[in-house]
Each structure stands twice: as C-alpha cells, then as structure tokens.
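Reader: Hi! Could you walk me through this one?
Author: Happy to, let's have a look.

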Amino acid sequence: MLGLGGCQAPAPPPGVVQLTLWHGISPPPNRDVFQELVDTFNQRHPEIRVKALYVGQPDQQIPKILTAVVGDAAPDILWYVPTLTGQLVELQAIQPLEDWLRQLPLAEQLDPALFSTMELEGHLWSVPFATNNAAVFYRPSLFQAAGIEQVPLTWPELRQAAQRLSRDSDGDGRLDQHGMMLSLGKGEWTVFVWLPFVYSAGGWLSRQGQPDLVNDGAIAALQLGQDLVESDSALLSAPERGYEINDFLAGKVAMQVTGPWTLTQMKDAGIDFDVFPFPVAEEPAAVLGGENFFLCQTSPEKTEAAKTFLEYVLSADFQLDWALGTGYLPINRQVRRSETYQAFVAENPTLQVFLDQMDWAQSRPIAPRYPYLSENFGRAIEAALLGQDPRQALQESQRRLELIVGNGQEGS
C-alpha cells in the first residue's frame with residue numbers, strides 16, 4: 001500500500017514499543033544526521049524503537065499521508081510542514097498536545113514565535129522539530145565585478161542591483177548571467193519564498209477567516225517579480241524546482257532566495273557566498289520555515305512512547321546536534337545561547353541573518369483549507385511571472401478560492 005511496504009516492520013521484541021515515523025528530510029546528508037539522532041534515542045530507550053522512514057519530498061507526501069489516514073494506516077509520528085494541521089484536524093488524524101506540552105519544563109525554552117505554527121482553534125497540535133527562514137544569498141565576487149558595494153536594502157535597490165548584475169559576458173547577444181533566480185511554480189516552496197515580499201509590502205493571504213488575495217501588498221509583490229523578469233534581470237527556475245541552487249553555484253545567477261540548510265552544499269562547492277535579509281518595501285518580513293511533528297491517533301501505549309521521543313526532539317542535546325549538523329536554527333532558546341552554538345555561529349556568520357529574522361518572522365496561515373489557499377496563490381505567482389497582470393492573476397485565484405471554500409472559515 002502506497003509503495004511503503006517498509007512500514008510493515010517485523011514485530012518488536014517483547015516489551016518493546018515500536019513507533020513508525022514518516023518524514024521527508026532533505027538533502028540526504030541531513031537525513032543521515034536525523035537517523036543518527038534516532039539511533040541515539042533508541043539506544044537510550046531500549047523499551048522503545050523508533051523506525052524512521054523517508055517517504056519523499058513534502059509535495060509528494062500529501063497523497064500518501066491522506067490515503068494512509070483515510071485507510072487507517074497512518075504512522076504513529078508524522079513529520080510535515082505545520083500548514084497541514086487544519087486538514088489533519090478535520091480528519092481527526094492527530095492528537096492535541098497542549099496538556100502534555102505545558103507540563104514540560106522544556107516548553108519554556110521554545111522560541112515563542114513557533115507557537116503560531118502549532119495552534120489551531122485553541123489547541124496545540126504539533127511540536128516543532130526544526131525551524132528556519134529564507135533570505136537572499138548572493139555571490140560577493142559578482143557584486144564586486146558589477147561595482148555594487150552594498151547589498152540592496154529596499155525593493156528599488158534590489159531592482160537596480162539585479163539589473164546591473166545581468167550581463168552578456170561573451171557578447172553572443174544572450175545573457176549568461178542574471179541578477180536573480182526567481183522561483184516559478186504553484187507549489188508550497190514558491191509560496192514560502194514569495195510570502196516575505198507580500199508581508200513586507202503590508203499584504204496578506206486571508207483576512208477575517210476568508211481568503212483575500214487581492215490586496216495591495218500581494219499585488220506589489222507579484223509586480224516586483226514581473227518587473228524583474230521583464231527587465232531581463234531575473235532567471236525563472238524550472239517549474240517547482242526553485243529550491244535547486246545549481247545555477248547559483250555556477251555563477252549564472254548572482255542572487256537567490258534559499259535558507260541555511262544549503263550552507264553545507266555551498267561550502268562543499270567551494271564558492272564565495274554571503275547572505276542578506278529580504279529587502280524591505282514597508283517593513284522587515286520573513287516567513288517561518290521548518291517542520292513539526294504530529295502525534296497521530298494510535299494506541300495509549302504508543303502515545304506515551306511517542307511523547308517520550310518528542311520530548312527528546314525538543315531537548316537541548318537533540319537540538320544542538322541537529323543544528324550543528326544541518327544548519328537549521330535550534331527551536332530551543334537555551335541552545336541558541338549556548339557557548340557551543342554561539343561558537344558555531346561565529347564560524348558560520350551567515351546564520352546570524354536568519355537568527356535576526358526570527359524576531360519578525362511570521363507563520364503561514366494555519367487553517368483547514370490552507371492547501372487550497374496556497375495552491376491558488378501559487379497559481380497567481382506563476383501567472384504573473386509568465387506575464388499576466390498581477391491584479392488580474394490574483395482576482396482569478398480569488399474567484400477559484402471562493403468557489404472552493406464557499407463560506408467556510410479559512411483562518412487568518
């Protein structure tokens with residue numbers, strides 16, 4: 001079923017509670033770090049065995065997850081972006097965790113911003129596994145060659161820099177270097193990297209419980225993208241592949257929005273790189289990234305064992321090892337202040353940009369029908385980048401959403 005035959009694991013030894021955990025951690029080196037941490041937990045807790053299974057990239061997982069839930073074959077613990085919370089609650093697939101979590105001393109160590117990713121309708125439905133946000137990576141050598149001495153702080157400065165960084169180096173009449181890579185597609189990655197521009201311009205995706213895509217901030221963000229494309233200052237990614245950084249590594253683009261999880265890949269490539277916060281339209285903005293763990297409906301015995309594992313995930317030991325091994329930001333504030341982590345940041349100063357952005361980072365809407373909201377905003381992004389008037393693209397997506405959700409509550 002679902003191509004996940006590995007889920008049918010042999011029965012554990014007597015007295016051992018086996019937990020199945022589904023995840024989509026990437027790139028593979030990060031997956032290896034996670035497996036080592038799971039192995040450590042299993043060694044420390046011989047009465048529990050966590051079996052971690054990679055089940056594909058997040059966008060590929062939705063059909064598997066929903067089919068498993070409906071078929072009463074869900075894992076005990078599910079790793080996923082917290083925007084799935086509403087659907088899982090509607091399906092009664094997960095358990096609320098506030099009573100357990102609020103009794104943990106560890107709860108006081110969590111970054112307060114992350115509670116917005118956990119809460120829906122007065123309950124806490126997940127615990128954060130790791131967090132991050134995106135920013136703009138750039139190639140200092142290309143900036144220097146273009147005579148740009150300061151990173152762009154505002155949208156006009158971003159437009160100017162992108163134009164100056166776009167060039168035909170070999171004189172064949174075609175640009176072989178673009179100022180910026182822009183994510184094309186309607187998937188969640190595209191929405192994630194475009195939302196900071198919307199928020200910076202004072203925009204939103206929904207208001208008072210209803211989808212509300214046609215607002216000045218959203219229009220301005222899409223217009224920015226369209227302007228960059230039409231001025232030949234930006235290169236569009238392959239559809240739904242905006243997270244790939246190969247063109248950035250090769251110097252074909254000078255700027256790209258991505259996150260700290262790419263630090264190891266960039267270091268291994270031996271390139272020069274640095275990072276700056278999202279340029280500002282009206283106010284600084286960033287969007288909380290990362291994934292949470294959900295506790296699915298399971299037996300009382302497995303529920304208690306799963307809570308033991310989730311407590312381990314929140315712990316300083318786990319969070320420090322995960323952060324050092326992957327570049328993700330620790331969700332545990334004690335870890336962020338620790339001497340070991342501060343030394344790591346000193347060795348990797350680009351991390352400070354992401355840590356600073358946590359002060360104003362916002363969550364994506366946590367709502368039952370968020371996937372529809374996200375997909376239709378993504379369709380508007382795609383249409384605008386391909387030439388459609390941004391307002392018209394957003395209006396069409398808004399009409400589709402109204403047909404889908406009707407008068408249902410969508411979250412704000």
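Author: A charge sits over a ring if NZ of Lys or CZ of Arg is within 6 Å of the ring centre and within 35 degrees of the ring normal. Here Arg-207 lies over the face of Trp-204, 4.0 Å from the ring centre. This is a predicted model, where local features need pLDDT of at least 70 and side-chain atom pairs count only at pLDDT 80 or more, while totals for chains, interfaces and linings use all residues. Residues are numbered from 1 along each chain as its sequence is written, and side-chain values use heavy atoms, with hydrogens and water left out.

Reader: Nice. What sits over the ring of Phe-248?
Author: The charged end of Arg-139, at 5.9 Å from the ring's centre.

Reader: And how many aromatic pairs are there in the whole structure?
Author: A search finds 24. Rings of Phe, Tyr and Trp (its six-membered ring) pair if their centres lie within 6.5 Å; planes under 30 degrees apart are stacked, over 60 edge-to-face, and the rest tilted. One of the pairs is Phe-34 with Phe-129, edge-to-face at 5.6 Å centre to centre and 80° between the planes.

Reader: Are Phe-34 and Phe-129 buried or exposed?
Author: Phe-34 is buried, at 0% relative accessible area, and Phe-129 is buried too, at 1%. Buried means under 20%, exposed over 50%, partly exposed in between (1.4 Å probe, protein chains only).

Reader: Where in the chain do Phe-34 and Phe-129 lie?
Author: Phe-34 is in helix H1 (residues 28-44) and Phe-129 in strand E6 (residues 127-132), 95 residues apart. Helices (H or I, at least four residues) and strands (E, at least two) are DSSP runs, numbered from the N terminus.
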